[in-house]
Structures are given as structure tokens and as C-alpha cells.
Amino acid sequence: MNLRDIKKDIEYVISAFIDDCYIFASMRPSASDDELSKLFDEAIDLYNELRDRCVEKVEGSRKAQFNAIRKDLVIKTDALYNKLSEVVKATAKE
């Protein structure tokens, strides 16, 4: 595991989420733009946060640092997908 791989993982996962949001927005123009904008902002903030953590100097093992970043990536992206799911459900009721 190295810095390049973790950066690629972050970019891939976050961009996949943003793509899913764009696909949903294009399929459902009636979706709330405010809610989708908030999700985009959260995804971009998460991307920036994780990328910044990649280059931080830490005491101890880089491997442990990267494992923690990957874990946060999965947990926080899952939370974003749950929020997107709620937006989808709210739009489907309309």
C-alpha cells in the first residue's frame, strides 16, 4: 500500500458517488437542487479532507495511517450514499 494507491482509491470512490448523483439528477429533474448541492459539497469536502490526511506527517506507521484513511473513506462514503438514498426516496414519493 502506498500513497499513490490510496489517492487513486479516494478519487475513484468519490467520483463514483458524484457520478451517481449526476445520473440521478438527470433522470429526475424534479429532485431538490438544494439537497443534491449539499451532497456534492459534502463529497468534495470529504475528498479534500482525505487527500489532506494522506500527506500529513504522522508519528508511527504510514500503513496504519493509510488503513485509517481507507476505513474513513468507506464509512463516510456509505453515509453519503445513505443520504442520496433518502433524496431518491423523497423524490419517488412525489
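This is a predicted model: local features need pLDDT of at least 70, side-chain atom pairs count only at pLDDT 80 or more; totals for chains, interfaces and linings use all residues.
How many residues does helix α2 have, and how far does helix α2 reach from its first C-alpha to its last? Residues are numbered from 1 along each chain as its sequence is written, and side-chain values use heavy atoms, with hydrogens and water left out.

**View 1. The protein chain follows the pattern α-α-α along its sequence.** The secondary structure comes to 3 helices and 0 strands, where helices (H or I, at least four residues) and strands (E, at least two) are DSSP runs numbered from the N terminus. Taken along the principal axes, the C-alpha atoms fill a box of roughly 50 × 20 × 15 Å.

**View 2. Helix α2 covers residues 33–55.** This helix has 23 residues and reaches 34 Å from its first C-alpha to its last, close to the 33 Å expected at 1.5 Å a residue, the expected span being 1.5 Å times one less than the number of residues. Among the buried residues of α2 are Leu36, Leu39, Phe40 and Ala43; buried means under 20% relative accessible area, exposed over 50%, and partly exposed in between (1.4 Å probe, protein chains only). The buried residues of α2 pack against α1 (3–27) and α3 (62–93).

**View 3. Lys83 forms a salt bridge with Glu42.** The closest N and O atoms of this pair are 2.7 Å apart, a salt bridge being a side-chain nitrogen of Lys or Arg within 4 Å of a carboxyl oxygen of Asp or Glu. Lys83 lies in helix α3 and Glu42 in helix α2, so the pair ties together parts that are 41 residues apart in sequence. Lys83 counts as partly exposed at 39% relative accessibility, and Glu42 is partly exposed as well, with a relative accessible area of 30%.

**View 4. Asp72 forms a salt bridge with Arg53.** The closest N and O atoms are 2.5 Å apart, and the pair links distant parts of the chain, with Asp72 in helix α3 and Arg53 in helix α2, 19 residues apart. Arg53 is one of the buried residues of α2, and a network of salt bridges links Glu49, Arg53, Asp72 and Lys76.

**View 5. Lys89 and Glu86 meet through their side chains in a salt bridge.** The N to O distance is 3.9 Å, and both residues lie in helix α3, 3 residues apart, about one turn of the helix. Lys89 counts as partly exposed at 45% relative accessibility, and Glu86 is partly exposed with a relative accessible area of 49%.

How values were computed: Contact means heavy atoms within 4.5 Å.
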